[in-house]
Amino acid sequence: MRQTGLLNGAARLRARLDRGGILACPGAADALTARLVQQAGFEAVYMTGLGATAARLGTPDLGLMTQSEMADHARAMVRACDLPVVADADTGYGGPLNIRRTVQDYALAGVAALHLEDQESPKRCGQLAGVRLIDRASAAQRLRAAVAARDEMQADTVLIGRTDALQPEGLDRALDRARAYRDTGIDLVFVDGVKTRAEVEGIARGLDGPKVVSLVEPFGPEWHGFQRCALCGDRPFWRNRGGKRRSCHACRDPTPPGRPAHQLR
């Protein structure tokens with residue numbers, strides 16, 4: 001028997017993925033931002049680990065958030081909006097038993113999808129330098145543990161296998177890892193660390209089936225017209241963290257919108 005209630009976000013996400021096409025899934029750092037994403041008309045929202053860490057701890061994403069903190073953060077976002085929430089679950093926070101609990105807690109929080117990555121612990125944001133990877137077999141074992149936990153509780157949670165091999169090892173090895181992870185029974189694969197348009201094109205053309213692509217601002221001139229490029233792929237996500245950066249800049253600027261600075265004296 002499939003679970004209902006808060007968990008129906010997963011069923012709605014699966015139905016949306018079955019329709020095909022690009023699903024734009026903006027990154028949100030907290031519950032308020034998730035609500036704003038919904039008001040802007042998007043169909044899903046992404047709980048970014050980088051954003052959650054910045055909002056909750058005020059630090060870079062260096063694996064400082066605990067499993068319970070991340071699950072609680074995701075729960076707040078689920079309650080704040082009606083969109084399916086796709087959530088960062090880092091490395092799963094330990095071995096197979098820890099991953100089992102992570103999948104259970106995220107599912108019970110109402111998360112529609114979660115992704116697990118192939119980094120060593122403590123991990124760091126995939127956009128940062130210094131990423132350290134575990135071997136491919138160990139990463140696949142993590143994903144199989146997640147699939148078993150999901151199936152054991154008969155949840156609809158969409159499981160995403162993420163590799164951070166792109167920057168340290170190159171596109172070909174990242175694609176090899178993604179293909180291996182897909183064979184574990186997960187629903188989507190995710191190659192993180194994208195920095196150039198050519199890398200996105202390589203992922204779209206070199207990886208069959210559903211996939212996740214993450215775009216992080218700032219974008220240079222080479223990204224102009226990128227939506228046409230992204231259509232080469234089959235059902236990728238894409239997201240960014242630019243809104244949080246702009247919010248921080250606004251906090252530093254003492255000038256209220258529409259009011260000249262000289263009127264503040």
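The points below take the sheet, then the helices, then the salt bridges.

1. The model is predicted, and the remarks that follow should be read accordingly. Its sheet is open and consists of seven strands in the order 2-3-4-5-6-7-8, with parallel pairing. Strand 2 (27-28) and strand 8 (211-213) are the edge strands; each has a single partner strand, so one side of each is left without a neighbour in the sheet.

2. Within this sheet, strand 3 (residues 45-47) and strand 4 (residues 85-88) run parallel and are joined by three bridges.

3. Helix 1 (residues 8-18) lies across strand 4, strand 5 (113-117), strand 6 (158-163) and strand 7 (188-191), and makes an angle of about 70° with strand 6. Helix 6 (residues 136-152) lies across strand 5 and strand 6, and runs at about 175° to strand 6.

4. The salt bridges number 17. One of them pairs the side chains of Arg 19 and Glu 43, with an N to O distance of 3.1 Å. Arg 19 belongs to the loop between helix 1 and strand 1 (23-24), and Glu 43 to the loop between helix 2 (31-39) and strand 3, so the pair ties together parts that are 24 residues apart in sequence. Arg 19 counts as exposed because its relative accessibility is 58%, whereas Glu 43, at 38%, counts as partly exposed.

5. A further salt bridge is formed by Glu 152 and Arg 100, the closest N and O atoms being 2.9 Å apart. This pair links distant parts of the chain, since Glu 152 is in helix 6 and Arg 100 in helix 5 (residues 96-108), 52 residues apart. Glu 152 is partly exposed at 49% relative accessibility, and Arg 100 is partly exposed with a relative accessible area of 34%.

6. Arg 197 and Glu 201 form a salt bridge in which the closest N and O atoms are 3.5 Å apart. Both residues lie in helix 9 (residues 197-206); they are four residues apart and therefore separated by about one helical turn. Arg 197 has a relative accessibility of 21% and counts as partly exposed; Glu 201 counts as partly exposed at 21% relative accessibility.

How values were computed: Residues are numbered from 1 along each chain as its sequence is written. This is a predicted model: local features need pLDDT of at least 70, side-chain atom pairs count only at pLDDT 80 or more; totals for chains, interfaces and linings use all residues. Side-chain values use heavy atoms; hydrogens and water are left out. Two strands pair if DSSP finds at least two bridges between them. Helices (H or I, at least four residues) and strands (E, at least two) are DSSP runs, numbered from the N terminus. Contact means heavy atoms within 4.5 Å. Axes are lines fitted to C-alpha atoms, for helices over the stretch in contact, and angles run from 0 to 180 degrees between N-to-C directions. A salt bridge is a side-chain nitrogen of Lys or Arg within 4 Å of a carboxyl oxygen of Asp or Glu. Buried means under 20% relative accessible area, exposed over 50%, partly exposed in between (1.4 Å probe, protein chains only).
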